[in-house]
Amino acid sequence: MSATIERDGDIWVSSKTGTRWQVVCGLEVHAQLRTRTKLFCGCETSFGNPPNSRTCPVCTGQPGSLPVLNEDALALGVRAALAIGADVAPWSKFDRKNYFYCDIPKNYQISQFDRPYCTGGGIDLPSGKRIRLHRIHLEEDAGKAIHDRGTTTLVDLNRAGTPLIESVTEADVTTPEDAFEYLTALKEILIYAGASNANMEKGELRCDVNVSVHPAGEGWRTKVEVKNLNSFRNVAAALEHEVLRQIVDYESGDESRFPVQETRLWDADKLVTRSMRSKEAADDYRYFTEPDLPPLTVSESFLEQQRNMLPELPAARRSRYVRELGLSQYDAEVLTGDRAVADFFEAAARISGRPKEAANWISNEVLRALGDADFAATTIDELPLKPNDLAELIALIAEGTIHSAAGRKVMRAMLETGDAAKSVVERLGLEQVEDTGRLEEWCRAALDGKDAIIADVKDGKEKALGALIGPVMQASGGKANPQMVREILRRLILES
Ligand code: ZN
Ligand code: MN
């Protein structure tokens, strides 16, 4: 197995055979819709409750119970579809996907099979590539089976019946970077649209990968599904590993090693995929129309109403920040990665009238505070600092009340205490010193014994002044007005 396989754009080239391998990959993403209650009953969807405390006859599959569609779930599903530019079907239907497992006491999952509520759409990646969506359907989640108790398996049905949308891409993903960029963009869109919190750690976003390889120009070969991917990085790593594994197995020439249709699990510790089970064909599930629910209809007015509730999406915001506010592409990306941060920025930029300064403060100081254990906040909304506070700080610097270096001290105190910029400036005594008498004292002290520099400045070497300004600023505790310091130093030298 000494072959090396190298990437040439979208193609993977084997040094052993010279074969140019083409990757065919599609991603399936389950996203939990951000509803208060489950898809077909009134149980809460909240996370981290005692096992089986959020259940009822419907979501535990008791005989005689009947599902009723949660309209909020439909609304959020439709909003997600519109945000991805997909078509929402005027009518679709629910189907039963039958299988037996302890986490699904009804013995079937209510899903959508041949008539999903949404088809088409797509997402443009930063690389310029477009990943098309094949379909999105609504379905309920299963419960959770806990297998780590020796011979006993425990079942928690709090999650059973939670509303999900399952989105399936076309096989447009051909590299690990495509997968990573697509998932990042999809997550952003779902959060912006308010459709899902998309928190992977809470299982609100789950991704499966379907992948096959074939020599470029030939027909598609057997696809393999990879599951158990709990981060975008793992998705990219698993895709890379699986592509290499399949190429090596085909190139071994040993048919018993050729990829078979199966489900494999990603082992994030050993960085390999391993076989879990051979994949059942779709008709193993004996899908049939759910008899307890009417067809799902979406009226034109409902669609319009959901469309009106969509905010400006991240890609549109980014280009507006660059075009209209003069931000760099990088800053625009940093600020739009999280909708709450983008909203904070827009408010601070509007109040202060200085978007570039607002962008700098947020990306350099505010976002850094979120990763810092000193400030018990992980989201921008949890910080005591609000957009109008930042705007006030920007104004104090712009009008010269404080020096921008002192501004960072003020910012830190504001982040810690939530106090207004003005009161922090007063408390810390950071107003710039413009009292000529005191400034002169510091300047004279700095000039003491600096004959070489003094001579240089007298010779017209203005730059030499720089070496004196630092010590003066330091003596003043950062409060001296640097412009005035420069003028006083020049005057004192020329007078001496
Ligand atoms: Zn329930
Ligand atoms: Mn599913």
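1. Five residues separate β2 and β3 in their hairpin, and Gly18 in the turn has a positive phi of about 80°. Strands here are DSSP E runs of at least two residues, numbered from the N terminus, and two strands pair if DSSP finds at least two bridges between them. Strand β3 covers residues 20-32 and runs antiparallel to β2, with three bridges joining them. Trp12 faces Trp21 of β3 across this pairing.

2. The model is predicted: local features need pLDDT of at least 70 and side-chain atom pairs count only at pLDDT 80 or more, while totals for chains, interfaces and linings use all residues. Residues are numbered from 1 along each chain as its sequence is written, chains are lettered from A and ligands numbered from 1 in written order, and side-chain values use heavy atoms, with hydrogens and water left out.

3. A hairpin is also formed by β1 and β2, with two residues between them; Gly9 in its turn has a positive phi of about 65°. Four bridges connect strand β1 (residues 5-8) to strand β2 (residues 11-14) in the antiparallel sense. Ile5 has Ser14 of β2 as its bridge partner.

4. An open, antiparallel sheet consists of three strands in the order β7-β6-β18. β7 (108-111) and β18 (288-289) are at the edges with a single partner strand each, so one side of each has no neighbour in the sheet. Two bridges link β6 (residues 95-98) to β18 in the antiparallel sense, and Asp95 is partnered by Thr289 of β18.

5. The zinc ion (ligand 1) is coordinated by the SG atoms of Cys41, Cys43, Cys56 and Cys59 at 2.3 to 2.4 Å. Donors are N, O and S atoms within 2.8 Å of the metal (3.2 Å for Na, K and Ca); water is not among the atoms, so sites may look incomplete. The angles among the four donor atoms are 100 to 115°, making the site tetrahedral (four donors, all angles between 85 and 135 degrees). The donor spacing in sequence is C-x1-C-x12-C-x2-C. Cys41 counts as buried at 14% relative accessibility, as does Cys43 at 10% (buried: under 20% relative accessible area, 1.4 Å probe, protein chains only).

6. Which residues coordinate the manganese ion (ligand 2)? They are His30 (NE2), Glu139 (OE) and Glu166 (OE), at 2.1 to 2.2 Å. Glu139 belongs to strand β10 (residues 130-140) and Glu166 to strand β13 (residues 163-169), so the pair ties together parts 27 residues apart in sequence. Glu139 is buried at 3% relative accessibility, and Glu166 is buried at 10%.

Key:
Tetrahedral: all angles 85-135°; square planar, octahedral: opposite > 155°, others 65-115°. Buried < 20%, exposed > 50% of the residue type's maximum accessible area, 1.4 Å probe, protein only.
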